Amino acid sequence: DIVTNPYQVANYRDVMASPWYDLYTDEQLDYAQKVSQGLADPVRLNPKDSRYYEYYGATDWFDEVYTKNSPSYTVNFSVSQKTKKINYYISGEYYAQDGIMKYGNDKYDRYNLRSKVELKITDWLKLTNNTSFTNTKYDEPVWGGWDYFHQVPRTPTLSPTKNPDGT
């Protein structure tokens, strides 16, 4: 389970950073405890510098950015026949999958086509062909690049989804 309790997260981060860093003062940890108990707002002005905010959110970033499922579907067809002079096989497939991202485009489409043909011209001469074609399109989210997937699990749950000004 993802830990989103503001006090637990702040305390874990503080303990793990020591002795090199003192991330949270006792007053900040007390405030995080009040937020966890529902007695204080998760965003406040920094008491030492009112130009900055302090965040004590409880954001599950995996739930915020990823969907619960990623449906996909496939359609196939094939046609074949064999006679004394000609044999053929033609098959195709369409595959589509919706992505796992809640924001931006995230859709994959693939088309496959294969044909095999054998034409017996004489007893000693055959003409054959085996052709395959694949076309794929991935409409991927471009914001953040692949670093985005690296950053999601590293974003503290204390960070809210929006700033106090709504941005």
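These legends describe close-up views of a predicted model. Local features need pLDDT of at least 70, side-chain atom pairs count only at pLDDT 80 or more, and totals for chains, interfaces and linings use all residues. Residues are numbered from 1 along each chain as its sequence is written, and side-chain values use heavy atoms, with hydrogens and water left out.

**View 1. Helices α1 and α2 pack against each other.** Helix α1 covers residues 6–17, and helix α2 covers residues 26–36. Helices (H or I, at least four residues) and strands (E, at least two) are DSSP runs, numbered from the N terminus. The two helices meet at an angle of about 150°, and their axes are 7 Å apart. That angle makes α1 roughly antiparallel to α2. Angles over 145 degrees count as roughly antiparallel, under 35 as roughly parallel, 65 to 115 as roughly perpendicular and the rest as oblique. Axes are lines fitted to C-alpha atoms, for helices over the stretch in contact, and angles run from 0 to 180 degrees between N-to-C directions. From α1, the contact uses Pro6, Tyr7, Ala10, Asn11 and Asp14. From α2, it uses Leu29, Ala32, Gln33, Val35 and Ser36. Contact means heavy atoms within 4.5 Å. The contact residues divide into 6 nonpolar, 3 polar and 1 charged. Here Ala, Val, Leu, Ile, Met, Phe, Trp, Tyr, Cys and Pro count as nonpolar, Asp, Glu, Lys and Arg as charged, and the others, Gly among them, as polar.

**View 2. A cis peptide bond joins Ser18 to Pro19.** Omega is near 5° for this bond. Pro19 lies in the loop between α1 and α2. Asp26 belongs to helix α2. At 63% relative accessibility, Asp26 counts as exposed. Exposed means over 50% relative accessible area, buried under 20%, and partly exposed in between (1.4 Å probe, protein chains only).

**View 3. Tyr31 and Tyr56 form a tilted aromatic pair.** Their ring centres are 5.2 Å apart, with 55° between the planes. Rings of Phe, Tyr and Trp (its six-membered ring) pair if their centres lie within 6.5 Å; planes under 30 degrees apart count as stacked, over 60 as edge-to-face and the rest as tilted. By this rule, the count comes to 7 aromatic pairs. Tyr31 sits in helix α2, while Tyr56 sits in the loop between β2 (49–55) and α3 (61–65). The pair links distant parts of the chain, 25 residues apart. Both Tyr31 and Tyr56 are buried. The charged end of Arg44 sits over the ring of Tyr31, 4.0 Å from its centre. A charge sits over a ring if NZ of Lys or CZ of Arg is within 6 Å of the ring centre and within 35 degrees of the ring normal.

**View 4. Lys120 lies in strand β5, residues 107–120.** At 35% relative accessibility, Lys120 counts as partly exposed. Lys120 and Lys84 are 36 residues apart in sequence, but 7.7 Å apart in space, C-alpha to C-alpha. Leaving out residues up to four places away in sequence, Lys120 touches Lys84, Lys85, Leu125 and Lys126. Ile121 lies in the loop between β5 and β6 (126–139). Ile121 is partly exposed, at 41%. Beyond its neighbours within four places in sequence, Ile121 contacts Lys85 and Leu127.

**View 5. Phe149 lies in helix α4, residues 147–151.** Phe149 is partly exposed, at 29% relative accessibility. Setting aside neighbours within four places in sequence, Phe149 is in contact with Tyr66 and Met101.
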